[in-house]
Amino acid sequence: MDREKLEERLRELPIVQYEFFETRDLTFTQRVREVCRLECPMYGKSWACPPAVGTVEECRERCLEYPQGLLIVTMAEVPDIADLEATLATRGSHEEVTRQVHAAMREQGSEVYVLSTEACAICPECAYPGGPCRHPELMYPCVESHGILVTELAEGFGIGFQAGGNIVTWFSLLLYR
């Protein structure tokens, strides 16, 4: 992959920060998965979420098949950070940026495994568990579904998880080979 060419493309997008890393530096933990199980209403309801994505160890093995990674960060401002509906409405813009970065990496011949935000929202109702994913080529599993401690990765690059005020911070990981 021509990293310089990719970085030119990244600078054209509304990305606040991006960082390249080695996937062996990712921290996988059952604690993150436990938060999914206990607090996320999508647990057990989507192909992008646990338990459909596999165990944390299976996710770890899958991710480590891709030695390199790219962390991208976007931010959006909302009138009231406590308004979950308004906050989640900004997710679509981040997902579009993620899709553009994914396409740019594929154009350069990289095989890419993408992890992004929250649960997949492509279909009004997920086929899980009764049928296969209708759009596996478009569905990006959630970073946290894999047990990845994304806050630790971000903080290692000086990226705060909470920017303060009414700013929403979104992360995606694009793992590649």
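Predicted model: local features only at pLDDT ≥ 70, side-chain atom pairs only at ≥ 80, totals over all residues.
T117 sits in the loop that lies between strand 3 (112-115) and helix 6 (150-156). Although T117 belongs to a loop, T117 is buried, because its relative accessible area is 5% and a residue counts as buried when that value is under 20%. If neighbours within four places in sequence are set aside, the residues in contact with T117 are R91, H94, E95, W170 and F171. Two of these partners, R91 and E95, are joined to T117 through polar contacts between side chains, and the table lists them with their distances.

| Side chain | Partner side chain | Polar contact distance |
|---|---|---|
| T117 | R91 | 2.8 Å |
| T117 | E95 | 2.5 Å |

Which strands pair with strand 4 in the antiparallel sense? One is strand 2 (residues 68-77), which runs antiparallel to strand 4 and is joined to it by 10 bridges; within this pairing, I72 has S172 of strand 4 as its bridge partner. Another is strand 3, whose antiparallel pairing with strand 4 extends over 4 bridges. Here V112 has Y176 as its bridge partner in strand 4, while Y113 stands opposite L175 of strand 4.

The side chains of strand 3 can also be sorted by direction: V112 and V114 point one way from the strand, Y113 and L115 point the other way, and all of them are buried.

**The two sides of helix 2**

Helix 2 spans residues 30-39, and its buried residues are V32, R33 and C36. When one looks down the axis of helix 2, these buried residues fall within an arc of 100°, so they line one face of the helix. The cover over the buried residues of helix 2 includes helix 3 (56-64). On the face that is turned away from the buried side, helix 2 carries the exposed residues R31, L38 and E39.

At its N-terminal end, helix 2 is capped by T29, which has a side-chain oxygen 3.1 Å from the backbone nitrogen of R31.

How values were computed: Residues numbered from 1 in each chain as written. Heavy atoms only, no water. Buried < 20%, exposed > 50% of the residue type's maximum accessible area, 1.4 Å probe, protein only. Polar contact = N/O pair within 3.5 Å; in protein donor to acceptor, adjacent residues only side chain to side chain. Contact = heavy atoms within 4.5 Å. Pairing = 2+ DSSP bridges. Arc of directions from axis to C-beta.
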